[in-house]
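Dear colleague,

I am handing over the structure below, together with notes on what came out of going through it. Could you look at the coordinates first and then read the notes against them?

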Amino acid sequence: MLTRYAIILAAGKGTRMKSKLYKVLHPVCGKPMVQHVVDQISQLKIEKIVTITGHGAEEVKSTLGQQTEYVLQAEQLGTGHAVMQAKELLSNKSGTTLVVCGDTPLIKAETMEALFTHHEEKGASVTVLTAEADDPTGYGRIVRSESGLVEKIVEHKDSTDEEKLINEINTGTYCFDNQALFDALNHVTNENAQGEYYLPDVIEILKNQGKMVSAYKTPDFSETLGVNDRVALAEAEKIMKIRINEQQMRNGVTLIDPENTYIGADVEIGSDTVIYPGSVLTGKTTIGSDCEIGPNSEIKNCQIGDATVIRHSVAHDSQIGSHVNIGPFAHIRPLSTIHDKVKIGNFVEIKKAEFGEGSKASHLSYIGDAEVGKDVNIGCGSITVNYDGKNKYLTKIEDGVFIGCNSNLVAPVKVGKGAYVAAGSTITEDVPGEALALARARQINKENYVDKLDFNK
Ligand code: UD1
Ligand code: CA
């Protein structure tokens, strides 16, 4: 096997997206397009991956990190010009160079591997990955001779009416003999409809040099979809979603209604977990086995154990244990740690709080900036008063505490182990362990009061 290199084209602005966000950073199933491409390429044995950046260079770099090397294309003069920028890093190497566009998020590692194999077996100077498109509008067309050999690629904007009828398109993915690529790029001009240096022109140049030009047609057009506008972005999202959901189901996850289930590309789910419709699971979320999620739940960047139930709720950036019961209509805000067998019930909001094993906040509570021990019962309507208008303070509730309904715990405050807080209390001072705290006005009953009222006379 020859040494393999890869170049990812990611310098374009993506004018047709009409967006503040650079095109290749638009997410598909929660992951930037170019990240999808890099993740697939990273599965192949590649010596060096070079990403060509331009618009949004810093953002692209911080997204992809150390996975690739970078070269700046200061002015976007076309895809051929973009590849030329990698000259210093690659032109003295011998081997095979894969070129992929950063806006084809659906391309799979297997397909690129097949392209490499085809290219190397044929001993070609270039092999272009092609596909048959039902609607080839906008793509470069593969022009073949009568004998079927690839002659050249003509861009949509430069094509004749006859060439526009060709359905075989350039997917924008190629394998090149590295030396031949950089030699041929010197001969590419910008004499075309867009005034750009086109990478596909290298094909005709190599052919005219008598080198072997080959094409490898992939049966699956959808994999090669190039995202230039939001319509194609939605199309890519749809295809990626089907791919992810099928993979989850094959791994043993039940999706009651896959069409209405949205699972991010990096979400991991254990077997026998059931996901109900309207669930949106994103970011670095992991969910264990035997869980029930949804309907209508939004979970982002959470690590969830086994046999946990989350219904009609929102949870972000938190740790949630096993056998936990959340919802309906609960909100778990960032930096919360919810241990096993906890119950967070209807209309309960948790923020930056730890809940020990077996504790419950079953109804209508706000618990923020709090450490709650084990087997604590927080009565309906109780809240931590964590904010004085300027600073936030901690509430500590130790193991086995019982907080009566509708209590306010004014932080900083601590309720000691096993203590009771009477319903309706506003607790401003620490409560010792095993004590009963009553912090409310004593009830006065005025006998026969109604008789004394004027309007009864
Ligand atoms: C390109 C191909 C076309 C192919 C299609 C497949 C050319 C001239 N055309 O067209 O044959 O059918 O992809 O999707 O190559 N880029 C740079 N620097 C530049 C210009 C572009 O890095 O100066 C990057 C873009 O960020 C993008 C990729 O190259 O990721 C492709 O550019 P784009 O303008 O989208 O090319 P298409 O018109 O789609
Ligand atoms: Ca494109």
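**Notes on the model**

C405 is partly exposed, with a relative accessible area of 40%. Please keep in mind throughout that this is a predicted model, and that the values below are computed from it.

To take the cysteines as a group, a search of the whole structure turns up zero disulfides. C175 takes part in no disulfide, and the cysteine sulfur nearest to its own, that of C101, is 13 Å away. C175 is also buried, its relative accessible area being 0%. C405 likewise is in no disulfide, although here the nearest cysteine sulfur, belonging to C380, is 5.2 Å away.

On the overall layout, the chain is divided into domain 1, covering 4-224, and domain 2, covering 253-437. The C-alpha centres of these two domains lie 48 Å apart.

Helix α7 (residues 178-185) packs with helix α8 (residues 201-208) at an angle of about 100°, and their axes are 10 Å apart. Angles of 65 to 115 degrees count as roughly perpendicular, and α7 and α8 are therefore roughly perpendicular to each other. On the α7 side the contact is made by A180, L181, A184 and L185, while α8 contributes V202, I205 and L206. Sorted by class, this contact of α7 with α8 comprises seven nonpolar residues, with no polar and no charged ones.

R4 is buried, with a relative accessible area of 3%. Leaving aside residues up to four places away in sequence, R4 touches K45, I46, E47, K48, T96, E113, F116, T117 and E120.

Some backbone details also deserve a check. Where are cis peptide bonds found, for instance at G294 and P295? A cis peptide bond joins G294 and P295, with omega at about 5°, and P295 sits in the loop between β18 (292-293) and β19 (298-300). A cis peptide bond also joins A411 and P412, where omega is about 0°; P412 belongs to the loop between β35 (408-410) and β36 (413-415).

Two residues with positive phi complete the list. K18 has a positive phi of about 50° although it is not a glycine, and this lysine lies in the loop between β1 and β2 (27-28). At 74% relative accessibility, K18 counts as exposed. D375, not a glycine either, has a positive phi of about 50°, and its place is the loop between β30 (366-372) and β31 (377-378). D375 is exposed as well, with a relative accessible area of 53%.

Technical notes
Residues numbered from 1 in each chain as written. Chains lettered and ligands numbered in written order. Predicted model: local features only at pLDDT ≥ 70, side-chain atom pairs only at ≥ 80, totals over all residues. Heavy atoms only, no water. Domains from an automatic or database assignment. Axes fitted to C-alpha atoms, helices over the stretch in contact; angles between N-to-C directions. Helix = DSSP H or I, 4+ residues; strand = E, 2+ residues; numbered from the N terminus. Parallel < 35°, antiparallel > 145°, perpendicular 65-115°, else oblique. Contact = heavy atoms within 4.5 Å. Nonpolar A, V, L, I, M, F, W, Y, C, P; charged D, E, K, R; others polar. Disulfide = S-S within 2.5 Å. Buried < 20%, exposed > 50% of the residue type's maximum accessible area, 1.4 Å probe, protein only.
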